[in-house]
Amino acid sequence: MIQRIIFLLIALNSFLLSNSQTTFNYVFKSPLTTDYVLDIAEHNGHYYAIGGGCANGICNGTIYRITKDADTLTKTFSFGDSSCIFSTFFIENNNIIIVSPISTPPDYYYDLMIMVLDSNLNCISRKIIDLPYMEYFDTWRMKKHAGLYYVLTSSQGPSSTPPNTGDPYFIKLNSQFDTIRTYVARIEGDQNIGDFIFSKDNAAIYLFSDLFFQLPNLNRSDQFIVYDTAFN
């Protein structure tokens, strides 16, 4: 055993307590030097968790399917020279849809990967979506709204304003995961995306983040920005 996945154990115990089930601890053995679990959900009596780990400079995505009796199915996906840790997912029609950034050669900037798995964690389809002006990403958030998929993240790299800080990055996809629009908000300051919600009338996106102002302020504050669904 190299590492306990502490976040997964806490999340599993929380799920089981909320469902009045007996709690248990489960330790995963991994050959990787680091392991992460970044999202977890319950569906049809199973708990699903995704994340991954890195070794020798390459990261692979991992998904776990766990029953309430702790029977576990684990699959790790390797993408050759590309590097990917699964970030978030949702379940539709008993299929698991993973939405994740993937770092691809030769520059190893990030693209968007959509991978669909069946309930036995077998890959049904995988799609890579080019993200113009995306360099290195920060927090990754995705929501489905009015039949469309919205992904909010931030791009950090030489093109950011100022360089190597965070610029909010918006992605809108249709039901087939074709790109409708991408947009980078070039707002002065280092912005790390927190989360977002839609307004009650479905006309606006409320973005929550923090903002680090450069000179002369050198202070960090919370930020709330309202966009329409076209990212204006």
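Reader: Leaving aside neighbours within four places in sequence, which residues is Ile-114 in contact with?
Author: This is a predicted model, where local features need pLDDT of at least 70, side-chain atom pairs count only at pLDDT 80 or more, and totals for chains, interfaces and linings use all residues. Residues are numbered from 1 along each chain as its sequence is written, and side-chain values use heavy atoms, with hydrogens and water left out. Ile-114 is in contact (heavy atoms within 4.5 Å) with Ile-97, Ile-98, Val-99, Ser-125, Arg-126, Lys-127, Ile-129, Leu-173 and Phe-177.

Reader: How far apart are the C-alpha atoms of Ile-114 and Phe-177?
Author: They are separated by 7.6 Å. Along the chain, the two are 63 residues apart.

Reader: Is Ile-114 buried or exposed?
Author: Buried, because its relative accessible area is 3%. Buried means under 20%, exposed over 50%, partly exposed in between, with a 1.4 Å probe and protein chains only.

Reader: Which strand does Ile-114 lie in?
Author: Strand E7. Strands (E, at least two residues) and helices (H or I, at least four) are DSSP runs, numbered from the N terminus.

Reader: New topic. Where is confidence lowest, and where highest?
Author: Helix H1 (residues 6-18) is lowest, at a mean of 51. Strand E8 (residues 123-129) is highest, at 93. That is pLDDT, the predictor's confidence in each residue, from 0 to 100.

Reader: What's the mean pLDDT of the protein?
Author: It is 78, and 75% of the residues reach 70 or more. Over residues 1-7, pLDDT stays under 50.
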